[in-house]
Amino acid sequence: MADISVLTELRLAYLTEDHGGLTEAETQKIASQLPLYYSEHLDKDLFVYVCRADGKIVSCVFLYVSHMPPNPDFINGRTGTVLNVYTLPDHRRRGIAGRLMQDMLDDAKAMGLDYVELKATDMGRGLYKSLGFKDVISKYHSMKYVL
């Protein structure tokens, strides 16, 4: 909880890179909402893994845990979604994200999650494959309705 402001900064840095930039309005709106979100969800259904170097957080991985009615694909009804895998540029290519991901996967197993999923960028795909993530082929189509 003491690191909410830093987690907000890292989330904004991740989103800026991922989306090729954010407008000032988007940045302000997201920055104003994140502290409340974190205070309501951290260590309940959102688990954050961080690496500190030189007294500051330089990398993070978020695990969002969902609880749904069980079915044959998730018999326990608990699944995880990986979000916001981000390392500051000066600390990349040192294995930090891989170590945080492995710690998160170990915890996901201990929590009894049925699976952990993510959406990989081209840059991150190799790391995730090395950790055992597989490409998903489904008879279902990913769809959404924007309100």
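Me: A residue is exposed when its relative accessible area is over 50%, and buried when that area is under 20%. Why is D54 called exposed?

Reply: The model is a predicted one. In it, D54 has a relative accessibility of 77%. This value is over 50%, so D54 counts as exposed. The residue is found in the loop between β1 and β2.

Me: Where is D43 found, and why is it called exposed?

Reply: D43 is found in the loop between α2 (24-41) and β1. Its relative accessible area is 60%, and because exposed means over 50%, D43 is classed as exposed. D43 also has a positive phi, near 65°, and is a residue other than glycine.

Me: Why is C60 called buried?

Reply: The relative accessible area of C60 is 1%. Buried means under 20%, so C60 falls into that class. Buried residues make up 31% of the 147 residues in the protein.

Me: How do you know that the structure holds 0 disulfides?

Reply: A disulfide is a covalent bond between the sulfur atoms of two cysteines. To be counted here, the two sulfur atoms must be within 2.5 Å. For C51, the closest cysteine sulfur is that of C60, at 11 Å, which is too far for a bond. The closest cysteine sulfur to that of C60 is in turn the one in C51. The count of disulfides in the structure is accordingly 0.

Me: How do you know that β1 and β2 pair, and in which sense?

Reply: Two strands pair if there are at least two bridges between them. β1 and β2 are joined over 8 bridges, in the antiparallel sense. In one of these pairings, R52 has I57 in β2 as its bridge partner.

Me: What joins strand β3 to β4?

Reply: There are 3 bridges between β3 (residues 78-87) and β4, and the two strands run parallel. With at least two bridges required, β3 and β4 count as a pair. One example is G80, whose bridge partner in β4 is V116.

Me: What makes β1 and β4 stand at the edges?

Reply: The 4 strands form an open sheet in the order β1-β2-β3-β4, with mixed pairing. β1 (46-53) and β4 (115-117) each have a single partner strand, so one side of each is left without a neighbour in the sheet. On average, neighbouring strands of this sheet are turned by 25° against each other, direction ignored.

Me: Which strands does helix α1 lie across?

Reply: Helix α1 (residues 4-18) lies across β1, β2 (56-67) and β3. It runs at about 85° to β3.

Me: In what order do the elements of the protein run, and why is the protein called compact?

Reply: From the N terminus on, the elements run α-α-β-β-β-α-β-α. The radius of gyration is 16 Å, close to the 15 Å that the globule rule gives for 147 residues, so the protein is as compact as a globular protein of that length. Its C-alpha atoms fill a box of roughly 45 × 40 × 30 Å along the principal axes.

Note on methods. Residues are numbered from 1 along each chain as its sequence is written. This is a predicted model: local features need pLDDT of at least 70, side-chain atom pairs count only at pLDDT 80 or more; totals for chains, interfaces and linings use all residues. Side-chain values use heavy atoms; hydrogens and water are left out. Axes are lines fitted to C-alpha atoms, for helices over the stretch in contact, and angles run from 0 to 180 degrees between N-to-C directions. Contact means heavy atoms within 4.5 Å. The radius of gyration is taken over C-alpha atoms; the globule rule is 2.2 Å times the number of residues to the power 0.38. Buried means under 20% relative accessible area, exposed over 50%, partly exposed in between (1.4 Å probe, protein chains only).
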